[in-house]
Amino acid sequence: MLLPVTDAISLDESELIESFVRSSGPGGQNVNKVSSAVQLRFDIRGSPSLPNDVAVRLMRLAGKRLTKDGIIVIIAQSHRAQERNRADARERLFDLIRQAAVRPVPRRATKVPKAQRRKRVEGKKHRGQIKSLRGGKPSVD
């Protein structure tokens, strides 16, 4: 089954590996009995669904969630129900992919206008003149 992420990117559900562990979050005694936390793993390098440029940006965005093998690990344990944690983990992964799908706008170098440079230099000269007036010899009375 395909999971839509953006208009151009859809992930196959088989690319997502989910494992369920015991949560440290809310739930009282229920926490000790039920594995409600979700560990979602997604192999960026092995995914045929991601274009190469998006995969590179996604690896940079993932930060500490990325393993050396190029797998993103997202842990969701904020809810009591396993299904809500599952949905939360998937949504966080999809948000990361959506951010990576946006191409950065290239920076255009611009020159500082001559008038601005002149104004800066005049300000420095003025400040220097003020400081030079401070260092006179003390008068002897």
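Strands E4 and E5 pair in the antiparallel sense, over six bridges. Strands here, labelled E, are DSSP runs of at least two residues, and helices, labelled H, are DSSP runs of type H or I with at least four; both are numbered from the N terminus. Two strands count as paired if DSSP finds at least two bridges between them.

Before I go further, this is a predicted model, so local features need pLDDT of at least 70 and side-chain atom pairs count only at pLDDT 80 or more, while totals for chains, interfaces and linings use all residues. Residues are numbered from 1 along each chain as its sequence is written, and side-chain values use heavy atoms, with hydrogens and water left out.

Back to the pairing of E4 and E5. Asp43 stands opposite Ile71 in E5, and Arg41 has Val73 in E5 as its bridge partner. E4 also pairs with strand E3, residues 16–21, through six bridges, and these two strands run antiparallel. There, the partner of Val21 is Ala37 in E4. Put together, three strands form an open sheet in the order E3-E4-E5, with antiparallel pairing. E3 and E5 are the edge strands, each pairing on one side only. On average, neighbouring strands of this sheet are turned by 20 degrees against each other, direction ignored; the axes behind that angle are lines fitted to C-alpha atoms, for helices over the stretch in contact, and angles run from 0 to 180 degrees between N-to-C directions.

Next, the core. Which residues of the largest nonpolar core touch the most other members? There are 23 residues in this core, and the ones with the most such partners are Leu11, Phe42, Leu50, Leu58, Leu93 and Ile97. A nonpolar core is a set of buried Ala, Val, Leu, Ile, Met, Phe, Trp, Tyr and Cys residues joined through side-chain atoms within 4.5 Å. Buried means under 20% relative accessible area, exposed means over 50%, and partly exposed is in between, with a 1.4 Å probe and protein chains only. Two or more residues of this core come from each of strand E4 (37–43), helix H2 (52–62), strand E5 (71–76) and H3. H3 gives the most, with six residues.

Take Phe42 as an example. Leaving aside neighbours within four places in sequence, Phe42 is in contact with a list of residues including Leu11, Leu50, Leu58, Ile71, Leu93 and Ile97. Contact means heavy atoms within 4.5 Å.

Now helix H2. Its buried residues are Val54, Ala55, Arg57, Leu58 and Ala62. They sit on the same side of H2, because they cover an arc of only 165 degrees around the axis; the arc is that of the directions from the helix axis to the C-beta atoms. What do these buried residues pack against? They pack against E4, E5 and H3. On the other side of H2, Asn52 and Arg60 are exposed.

Ala62 has a relative accessibility of 2%. From Ala62 to Ile72 is 10 residues in sequence, and 6.9 Å in space, C-alpha to C-alpha. After H2 comes Gly63, whose phi is positive, near 65 degrees.

Last, the charges. A search of the whole structure finds nine salt bridges, a salt bridge being a side-chain nitrogen of Lys or Arg within 4 Å of a carboxyl oxygen of Asp or Glu. Asp53 is partly exposed, at 28%, and Arg57 is buried, at 16%.

Glu18 takes part in two others. With Arg86, the closest N and O atoms are 2.7 Å apart, and the pair links helix H3 to strand E3 across 68 residues. With Arg90, the closest N and O atoms are 3.1 Å apart, and that pair links H3 to E3 across 72 residues.

Is Arg90 buried or exposed? Arg90 counts as buried, because its relative accessibility is 15%. Arg86, at 22%, counts as partly exposed. Leaving aside neighbours within four places in sequence, Arg90 is in contact with Leu3, Glu13, Leu16, Glu18 and Leu40. Finally, Glu13, Glu18, Glu83, Arg86 and Arg90 are linked in a network of salt bridges.
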